[in-house]
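This briefing walks through one model, from its overall fold down to single residues. Keep the sequence and the structure at hand while reading.

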Amino acid sequence: MKIKPILSLTLLFAALPFFGARFAAAQADQLPFPDVLSKQLAARASNYTEVTLDRKMLDFASHFMDNENDAEGKRIIAKLRGIYVRTYEFDKPGEYTAADLEQIRAHFESGDWSPIVKSRSKNDTDDSDIYMKTVNGEIQGMFILNAEPKELDIVYIDGPIRPEDLEGISGNFGIPSNLGGAKTIAPPPPNPMLQNRKAGPQ
Amino acid sequence: MDNRNDTPIDDFEQHLRDQLAPRSAPAGFADRVMARAKVRVAPQPRPRPFFLLPLWSWTAVAALLVVAVFGGIEHDRRQRIEGERARAQVLLALRITGTTLHDVQQKISTEENTPAHSESTGFEKR
């Protein structure tokens, strides 16, 4: 009776969920830009702030946002899968390079991401970018990069978010109250390739 | 009496009658049986009511209750602290997001008012 192969197969199938969970957890822990760059920038910065909030942390935090003023913020994060923020302040200009910025932007130059705002300065020290991720016509992510000579701000929001959502919290949490301009940031135009595909062969 | 006419069946029958004849029980037989019956059906001791438990049991129960109550309070306190910390992180993230977006908008507005090397897609002036 061939017990050994059966036992091996049984153990293999029993272990699959464990490895699958580990793989999923590893995927979930991955940030959208190389973490090594974050460490490099943090090493050069005189002051830096890193906020990493995945779905679990957002859920946990929302239970404690029972203040009246937190209602709008709670509503925003209810739909999100993650918020990742990195801000770096440097003592002097030149602590990051254009190549560093390109390395960050590269992750948002393909796939479902579309640039909404691209502002470039002459020496690449005053650049701004806003990218949005669109899936099936719905916004599912936002990436903001604001580079200044002695400061670098990176914001990545995973999940359905619109600029007008952020307008709802303007004036709260220290956010400037004249964030009304966010309303005018239009979503990216529909992809004509996708439209043709939907039409089907003629 | 002449026994020459007795058959083996008659002997066997007589033997059975002798063996099955009623006999009186030996002396003390009934007493022995009753004594054994009493041992077998001896009633179980009744359980002691809970309020008559020994003191050390009550001490252990009280100690467990105290640990459970204080442990629960401490757990709630730590959960609250962690929750407040998470809430602060969320508010910080939202604040940084809002101010970063505001800075970008300010930059775009400034560039639109002056000749600049800006390139924007879909951004409309309000």
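How many helices and strands are there in chain A? Chain A has 7 helices and 6 strands. The model is predicted, and every value below was computed from it.

**Layout of chain A**
- Read from the N terminus, the order of elements in chain A is α-α-β-α-α-β-α-β-β-β-β-α-α.
- Chain A is 202 residues long, and 31% of them count as buried.
- Taking the contacts in chain A between residues at least 6 apart in sequence, 53% are between residues at least 24 apart.

- Strand β2 of chain A spans residues 82-89.
- Is strand β2(A) mostly covered or mostly uncovered? It is mostly covered, with 7 of its 8 residues buried.
- Strand β1 of chain A, residues 47-54, pairs with β2(A) in the antiparallel sense, over 8 bridges.
- Within that pairing, A:Thr49 has A:Thr87 of β2(A) as its bridge partner.
- Strand β6 of chain A, residues 151-158, also pairs with β2(A) in the antiparallel sense, again over 8 bridges.
- Here A:Tyr88 is bridged to A:Leu152, which belongs to β6(A).

**Around A:Met142**
- A:Met142 lies in strand β5 of chain A, which covers residues 138-148.
- Why does A:Met142 count as buried? It does so because 27 other C-beta atoms lie within 10 Å, and the cut-off for a buried residue is 20 or more.
- Apart from neighbours within four places in sequence, the residues in contact with A:Met142 are A:Met132, A:Ile157 and A:Ile161.
- A:Tyr156 is 14 residues away from A:Met142 in sequence, and their C-alpha atoms are 5.9 Å apart in space.

**The largest nonpolar core**
- The largest nonpolar core holds 47 residues.
- Which of its residues touch the most other members? They are A:Ile83, A:Ile144, B:Val90 and B:Ala93.
- Helix α3 of chain B, residues 55-113, gives this core its largest share, 9 residues.
- B:Val90 is in contact with residues of chain A: leaving aside neighbours within four places in sequence, its contacts are A:Leu53, A:Leu58, A:Ala61, A:Gly73 and A:Ile77.

Technical notes. Residues are numbered from 1 along each chain as its sequence is written. Chains are lettered from A and ligands numbered from 1 in the order in which they are written. This is a predicted model: local features need pLDDT of at least 70, side-chain atom pairs count only at pLDDT 80 or more; totals for chains, interfaces and linings use all residues. Helices (H or I, at least four residues) and strands (E, at least two) are DSSP runs, numbered from the N terminus. A residue is buried if 20 or more other C-beta atoms lie within 10 Å of its own, exposed if 12 or fewer, and partly exposed in between; C-beta atoms are placed from the backbone. Two residues are in contact if their C-beta atoms, placed from the backbone, lie within 7 Å. Two strands pair if DSSP finds at least two bridges between them. A nonpolar core is a set of buried Ala, Val, Leu, Ile, Met, Phe, Trp, Tyr and Cys residues joined through C-beta atoms within 7 Å.
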